[in-house]
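User: Please go through this model with me, and for each label you use, set the value against the rule behind it.

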Amino acid sequence: MKISPDKNAGNSLWKDARRRLMRNRAAVASLIFLVIMLLACFVLPLFPCIANPNATDLDNIAAACSLQHPFGTDQLGRDLLARVLYGGRISLLVGIVATVVAFIIGLIYGLFSGYVGGRTDVLMMRTVDVLFALPFIVLVIVFSLSIEEPSQHLTAWVVEHTGWSRESVAPVLGLVPLFIAIGALGWLTLARIVRTQTLAIKSQEYVLAARSLGLSHWRILFGHIAPNLLGTVVVYTTLAVPGIMLTESTLSFIGLGVRAPNSSWGTLIKEGADRMEATPELLIFPALFFCLTLLALNFLGDGLRDAIDPKSSKD
Amino acid sequence: MTRLLLKRLLQGVLVVVVLQTITFFLVRLLPGNPFLGERKLPQHVMEQLNSLYGLDKSAWVQYLNYWKGIILHGDFGPSLVREGVQVSDIIAQSFPVSLWLGVLGMGIAVCIGIPAGMLAAWWRNRWPDALIMLVAMAGICIPAFVVAPVFGITLGMHVPGLSVAGWDNPLCAVLPALTLGLINAAYIARLTRGGMAEVLSADYIRTARAKGVGAGRLLFVHALRSGLLPAVSYLGPAFAALITGSFVVETCFQVPGMGLHFVNATTDRDYFLIQGLVFCYGVLIVLANLVVDLVLVALNPQLRSQGAA
């Protein structure tokens with residue numbers, strides 16, 4: 001085979017995929033929306049124009065929208081805009097980190113299962129089948145509560161060894177049980193996808209070449225197989241994010257997820273739902289932010305999947 | 001066919017055992033214990049309570065005793081928090097409530113989702129399709145815990161007869177079931193559309209059309225059977241999703257079902273009640289998946305000849 005000297009002659013898989021994605025208006029709009037949302041939740045609160053989400057303004061309790069409080073205030077006079085942005089920070093953080101945890105577990109499990117093959121593969125996949133049949137949310141609840149104590153030890157350890165103040169690390173480290181519990185139970189679909197891809201790539205000539213050159217299994221797996229399936233897997237991972245965010249907010253809503261002083265969109269919606277007769281804004285704003293983010297994540301995930309894997313498209 | 005059934009049953013038993021084992025050891029790791037009530041109990045009372053319920057034995061002994069109780073006597077142990085109440089009594093009261101709610105919700109989901117999906121597939125890529133899919137996407141993105149309070153305040157307050165909380169008359173089931181049903185209808189509609197759209201573009205449908213088969217007969221007789229496959233295979237997971245939804249819906253509408261008991265039991269650290277309820281959830285999900293498998297085999301002759309899938 002002769003390689004054409006003209007670089008623009010052929011389109012790579014990724015170039016094609018990007019072109020297909022850019023043509024999908026819903027996906028592009030979702031991408032822009034998500035970038036704005038991430039900036040709003042993580043960067044905007046650094047500026048002084050956003051109030052402290054826990055500071056109470058007792059002159060303005062349950063106030064309506066105004067210049068000082070664009071979304072109004074809650075029953076304790078806390079600025080709702082600030083609370084929604086800080087809540088989004090926690091919700092997005094849990095969504096992203098738990099997905100990364102699920103991604104890592106699923107990737108390693110699927111790679112191993114597909115590469116080793118044979119009986120090990122059958123056993124590992126049967127295990128996934130069994131785990132699939134378990135009621136996910138029930139286990140997440142029990143698991144996240146049961147690792148609360150070890151994670152408090154973790155907080156103490158971090159405070160002791162890094163010199164950071166407890167106030168600065170506790171809010172993030174308090175989320176560790178949620179990261180682990182949701183991630184540790186959300187990797188099943190990913191493991192299946194990784195395994196199928198591994199099986200397909202394993203029989204390619206370049207893997208055979210690598211093997212006949214005497215490369216170690218380790219290098220074949222992570223140097224040759226993993227990079228080639230990463231793209232597809234990352235796409236399916238983005239499809240998992242909305243589900244994971246929904247799990248987090250469901251837990252927070254029933255009071256078993258994010259706790260005070262932290263708040264996520266789930267806890268804000270809970271607070272809003274309790275007072276929606278008097279002040280419907282308290283429900284409307286967090287719910288709007290949450291639903292729009294999920295919507296954008298779904299559209300983007302669908303668009304990415306259609307772009308990279310047009311055959312699996314539902315249309 | 002019998003082999004498939006046996007295989008699935010065996011797998012189901014395995015699922016329940018694994019689930020029960022994981023839960024058993026996880027609940028023992030929960031911080032706190034069931035006897036930490038309003039006032040602190042003296043040390044010797046605590047020890048007495050622990051030995052009364054057998055919680056002072058090693059975890060393995062407790063684990064074996066627990067299974068012995070279930071298999072020999074069908075006994076899930078006492079509730080540790082509500083004195084004198086057996087876990088099996090709580091389940092006997094709350095299970096029918098949750099089941100009824102689940103069946104109603106599933107019924108609503110199927111009755112709305114499948115016709116909507118069929119309509120969308122029939123008018124594929126035209127405005128009814130776009131409209132239905134937009135509504136379905138919204139249904140997927142608006143979680144139960146937003147729908148429930150909104151229904152409570154709009155329908156519950158203004159439609160006479162409907163109640164927003166409790167479980168004392170049959171109309172109490174309307175709002176919770178509607179909430180559960182609409183959310184699952186969205187998923188079912190999307191899957192039905194996908195399946196039907198694929199079938200409707202198949203050669204045999206074109207042939208039937210060319211022979212002059214009418215729209216109704218084409219949709220319901222020729223396409224429906226294989227077009228429904230994706231939606232039917234989702235019904236197993238959908239049942240699990242109904243359970244997830246039931247935590248939220250039962251909390252919002254104060255319905256005394258298993259979800260509400262489960263949430264309370266985890267906050268109270270009522271070990272035996274958590275285990276008993278998880279057992280029930282496991283059995284329910286296994287049965288739901290089994291039924292779905294059988295329906296799939298009935299719909300898809302290819303699976304029947306394979307015998308195992």
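What follows is a set of questions about the labels, each answered from its definition.

Analyst: This is a predicted model, in which local features need pLDDT of at least 70 and side-chain atom pairs count only at pLDDT 80 or more, while totals for chains, interfaces and linings use all residues. Residues are numbered from 1 along each chain as its sequence is written, and chains are lettered from A and ligands numbered from 1 in the order in which they are written.

User: What confidence does the predictor give to chain B and to the complex?

Analyst: Chain B averages a pLDDT of 83, and 95% of its residues score at least 70, where pLDDT is the predictor's confidence in each residue, from 0 to 100. For the complex, the predictor gives an ipTM of 0.81 and a pTM of 0.84.

User: How many helices and strands does each chain have, and what makes a run count as one?

Analyst: Helices (H or I, at least four residues) and strands (E, at least two) are DSSP runs, numbered from the N terminus. By that rule chain A has 13 helices and zero strands, and chain B likewise comes to 13 helices and zero strands. The C-alpha atoms of chain A fill a box of roughly 75 × 45 × 40 Å along the principal axes, and those of chain B a box of roughly 85 × 55 × 30 Å.

User: Why is V172(A) called partly exposed?

Analyst: A residue is buried if 20 or more other C-beta atoms lie within 10 Å of its own, exposed if 12 or fewer, and partly exposed in between, with C-beta atoms placed from the backbone. V172(A) has 15 C-beta neighbours inside 10 Å, and therefore counts as partly exposed.

User: Which class does G255(A) fall into, and why?

Analyst: G255(A) sits in the loop between helix 11 and helix 12 of chain A, and because it has 15 C-beta neighbours inside 10 Å, G255(A) counts as partly exposed. Its C-alpha atom is separated by 37 Å from that of L111(A), a residue 144 positions away along the chain.

User: What makes helix 12 of chain A mostly covered?

Analyst: Eight of the 10 residues of helix 12 (residues 265–274) of chain A are buried, among them W265(A), L268(A), I269(A) and A273(A). The buried residues of this helix pack against helix 3 (80–116), helix 11 (217–253) and helix 13 (281–308) of chain A, together with helix 6 (144–158) of chain B.

User: How do you know how helix 3 of chain A is oriented against helix 12 of chain A?

Analyst: Helix 3 and helix 12 of chain A pack at an angle of about 135°, with their axes 7 Å apart; axes are lines fitted to C-alpha atoms, for helices over the stretch in contact, and angles run from 0 to 180 degrees between N-to-C directions. Angles under 35 degrees count as roughly parallel, over 145 as roughly antiparallel, 65 to 115 as roughly perpendicular and the rest as oblique, and therefore helix 3 of chain A is oblique to helix 12 of chain A. The contact (C-beta atoms, placed from the backbone, within 7 Å) is made by R83(A), V84(A), G87(A), G88(A) and S91(A) of helix 3 and W265(A), G266(A) and L268(A) of helix 12 of chain A.

User: How are the residues of that contact divided by type?

Analyst: They divide into three nonpolar, four polar and one charged. Ala, Val, Leu, Ile, Met, Phe, Trp, Tyr, Cys and Pro count as nonpolar, Asp, Glu, Lys and Arg as charged, and the others, Gly among them, as polar.

User: What makes up the side of chain A that touches chain B?

Analyst: The contact takes 32 residues from chain A and 36 residues from chain B. The largest share of the side of chain A, nine residues, comes from helix 5 of chain A, and the residues of this side divide into 24 nonpolar, four polar and four charged.

User: Which residues touch the most other members of the largest nonpolar core?

Analyst: A nonpolar core is a set of buried Ala, Val, Leu, Ile, Met, Phe, Trp, Tyr and Cys residues joined through C-beta atoms within 7 Å. Of the 155 residues in the largest such core, V140(A) and I269(A) touch the most other members, and helix 3 of chain A gives the most to this core, with 18 residues.

Conventions:
Contact = placed C-beta atoms within 7 Å.
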